[in-house]
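Morning, everyone. Let me put the model up, and then we go through a few local features.

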Amino acid sequence: MILSVRSIAATCAVGALGAALAACGSPASPDAAHRGHRAPATTATIATTSPPPTLAPGPAGLTPVFKNAPRTRAKTVALTFDADMTADQGARAAAGEHFDNPQLIATLQKFKVPATVFMTGRWADEYPREAKDIGQDPLFEIGNHSYSHYAFTDDCYGLPTMSEDRMRADVERAYAAFRQAGVRDAMPYFRFPGGCYDQRSLRALSASGVTAVQWDVVSGDAFATDADAVAQQVLDGVRSGSVVVMHCTRSAAPATEQALRTIIPELRHRGFRFVKVSQLIAAAGGRH
């Protein structure tokens with residue numbers, strides 16, 4: 001199910017998780033810690049000792065928001081995958097519901113496609129070995145999708161709403177969960193649950209040093225069972241510099257892995273090159 005997402009600068013769409021699957025997930029001083037991160041070398045990136053690129057703060061020092069890179073002739077595209085799990089879904093996982101999707105990760109590895117995974121801290125707690133494996137694979141980078149997957153605004157697809165005074169702590173708790181799982185170099189990128197944000201939430205996270213990452217292409221994979229329809233929606237929407245939002249949760253997005261088997265070769269046939277979000281932010285003038 002695709003729903004429009006409220007934001008300050010743009011309207012996006014996203015599916016629901018459980019009651020409301022959000023589109024598609026720290027150090028005590030995450031901004032200082034991120035300055036020491038190093039981007040891993042891959043076939044798609046050049047090894048560097050510089051920290052990951054981030055955007056400059058917005059007006060009045062608000063957390064900057066990234067949606068897509070400039071529309072150049074470079075024909076780059078970033079596939080992003082939200083690893084959603086709310087803080088109260090442990091019982092469902094214990095009962096056998098799969099919030100992970102190792103086959104999807106294996107397909108990206110098989111096709112050698114770099115990607116950015118926005119992970120909730122609760123997901124990392126539930127699947128620490130998978131979180132560590134993703135974080136150690138140079139094809140991938142991990143962004144923060146909050147710890148609890150609670151909404152940072154009111155009226156966000158039925159998600160429980162977080163108070164402003166808890167927002168930064170929730171983000172920092174997710175980074176702590178990543179470290180506990182063995183993820184050493186989580187990126188200073190944050191995706192709001194549901195994509196819902198406002199000035200209040202941007203202000204609350206301004207001291208965290210993160211860049212908020214949205215998207216310009218909605219895959220429509222949430223609860224979708226038609227892989228061809230998901231693939232077509234992505235192929236119809238991608239432009240140079242696009243950020244595609246997808247999910248890597250089997251129970252909520254069962255068709256995504258199969259859709260990738262169409263999306264990846266077709267975009268390559270069209271001349272697109274897959275990159276990580278960090279590379280698009282750098283192309284957009286991100287600073288180190």
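D100 sits in the loop between α2 (90-94) and α3 (102-110). Helices here are DSSP runs of H or I, at least four residues, and strands are runs of E, at least two, numbered from the N terminus. This is a predicted model: local features need pLDDT of at least 70, side-chain atom pairs count only at pLDDT 80 or more, and totals for chains, interfaces and linings use all residues. Residues are numbered from 1 along each chain as its sequence is written, and side-chain values use heavy atoms, with hydrogens and water left out.

Is D100 buried or exposed? D100 counts as buried, because its relative accessibility is 5%. The cut-offs: buried is under 20% relative accessible area, exposed is over 50%, partly exposed is in between, with a 1.4 Å probe and protein chains only. Setting aside neighbours within four places in sequence, D100 has contacts (heavy atoms within 4.5 Å) with W123, Y127, E130, C248, T249 and R250.

Next, two loop residues. K112 is in the loop between α3 and β5. K112 is not a glycine, yet its phi is positive, about 55°. K112 counts as exposed, because its relative accessibility is 59%. D155 lies between β6 and α6 (164-181), also in a loop. Phi of D155 is positive too, near 55°, and D155 is a residue other than glycine. At 68% relative accessible area, D155 is exposed.

Last, strand β6, residues 140-144: 5 of its 5 residues are buried. F140, I142 and N144 point one way, E141 and G143 the other.
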